Amino acid sequence: MRNNQDRFGPPPGGDNPPVQQVEQPLQFVTPTEFVELPSRGVFYPQGHPLHNVETIEIRHMTAKDEDILTSRALLQKGIAIDRFLQNIVVDQNIKVPDLLVGDKNAIIVASRITGYGANYEATICCPSCQKNVDFGFDLQQCEPTSLDIFDELGVQRTQNNTFLIHLDKLDMDVEVRLLTSRDETYLLQLSEKRRKSKLPEANLTEQLRRIIVSVNGSTDTGYINSFIEHAPAMDSRKLRTTYQKMVPNVDMKQNFVCSECGYEGEVNVPFGANFFWPQ
């Protein structure tokens with residue numbers, strides 16, 4: 001049998017078959033943005049990727065990132081958010097456990113905005129009527145705190161990026177350091193172990209053990225523990241409140257109006273269950 005080419009002759013243009021155009025697949029590039037670090041990179045040691053770097057570049061959240069945030073295994077281990085954050089940081093030389101807590105919080109807020117928008121619906125217990133009410137927060141208003149607070153609090157910075165807080169009643173200086181994400185994870189795991197062992201909570205004292213470098217110039221662990229256990233409440237409270245105020249962080253305070261009783265005042269934006277898992 002003769003084929004069609006034999007019957008109708010060679011194709012136009014000679015013996016060479018026409019060249020087919022192959023369409024190239026579309027390449028999707030996930031957008032990125034720069035997040036201002038509350039620490040401005042000032043408190044990272046030399047050699048750290050963020051030393052004196054004021055911003056960090058992150059990738060916008062994708063469906064793949066949502067898989068990480070909803071992974072049952074990662075959630076049970078308590079590492080879903082850290083794994084997610086490590087995934088969206090563009091410079092992989094930057095490790096999430098080494099981030100200062102305030103800088104990590106800034107990345108958390110920024111990544112939530114890229115994924116689900118700045119509007120955050122949360123349930124708040126009204127400080128006045130004690131009723132739970134739904135309230136919408138604007139995460140765009142969460143700005144980094146000022147570094148000028150150190151001078152205002154009378155906190156003295158050392159060459160080692162630690163800080164001296166003077167206690168009036170004992171008339172001594174306590175040297176503290178800024179907590180990292182690794183420290184935060186350690187404290188959370190320690191608290192969970194105490195809960196499972198049905199031991200009393202010791203969150204305040206355990207945090208003090210983690211942040212205190214020296215007391216009155218002494219780095220002896222026994223001396224520091226003795227100070228934590230026996231320091232007058234006035235000095236202990238000053239140490240905790242001063243530390244809380246001085247930590248470079250994201251200002252999560254926003255104006256709240258109760259729909260039940262009309263109360264109006266500032267509250268902290270809660271990192272609730274629907275922060276990364278909105279309805």
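Me: What makes β5 and β6 a hairpin, and which residue in the turn has a positive phi?
Reply: Happy to start there, with the note that this is a predicted model. β5 and β6 form a hairpin with five residues between them, and the turn residue with a positive phi is N161, at about 60°.

Me: How do you know that β5 and β6 pair?
Reply: Pairing needs at least two bridges between the strands. β5 (residues 156-157) and β6 are joined over two bridges, in the antiparallel sense, so they meet that requirement. R157 is the residue that stands opposite F163 in β6.

Me: What about β6 and β7: how many bridges join them, and in which sense do they run?
Reply: Five bridges join β6 to β7 (residues 172-176), and the two run antiparallel. Against a requirement of at least two bridges, five is enough, so these strands pair as well. H166 stands opposite D173 in β7. β6 and β7 also form a hairpin, with four residues between them, and D171 in that turn has a positive phi of about 55°.

Me: Which residues of β6 are on its covered face, and which on its uncovered one?
Reply: In β6 (residues 163-167), F163, I165 and L167 make up the covered face, while L164 and H166 make up the uncovered one.

Me: Let's turn to the rings. Why is the pair F275 and F276 called edge-to-face?
Reply: Ring centres must lie within 6.5 Å to pair, and planes over 60 degrees apart count as edge-to-face. The centres of F275 and F276 are 5.4 Å apart with planes at 90°, so the pair is edge-to-face.

Me: How do you know whether F275 and F276 are buried or exposed?
Reply: Buried means under 20% relative accessible area. F275 has 3% and F276 has 2%, so F275 is buried and F276 is buried.

Me: What makes F135 and F137 an edge-to-face pair?
Reply: Their centres are 5.0 Å apart and the angle between the planes is 70°. With cut-offs of 6.5 Å and 60 degrees, the pair is therefore edge-to-face. Both F135 and F137 are buried.

Me: How many aromatic pairs does the whole structure hold, and which residues do ring pairs link into a cluster?
Reply: A search of the whole structure finds ten aromatic pairs. Ring pairs link F84, Y120, F135, F137, F256, F271, F275 and F276 into a cluster.

Me: What puts the charged end of R112 over a ring, and which ring is it?
Reply: The ring is that of F275, and the charged end of R112 sits over it, 5.7 Å from its centre. That distance is within the 6 Å cut-off. The charged end of R210 likewise sits over the ring of Y186, at 4.0 Å from its centre.

Technical notes. Residues are numbered from 1 along each chain as its sequence is written. This is a predicted model: local features need pLDDT of at least 70, side-chain atom pairs count only at pLDDT 80 or more; totals for chains, interfaces and linings use all residues. Side-chain values use heavy atoms; hydrogens and water are left out. Rings of Phe, Tyr and Trp (its six-membered ring) pair if their centres lie within 6.5 Å; planes under 30 degrees apart count as stacked, over 60 as edge-to-face and the rest as tilted. Buried means under 20% relative accessible area, exposed over 50%, partly exposed in between (1.4 Å probe, protein chains only). A charge sits over a ring if NZ of Lys or CZ of Arg is within 6 Å of the ring centre and within 35 degrees of the ring normal.
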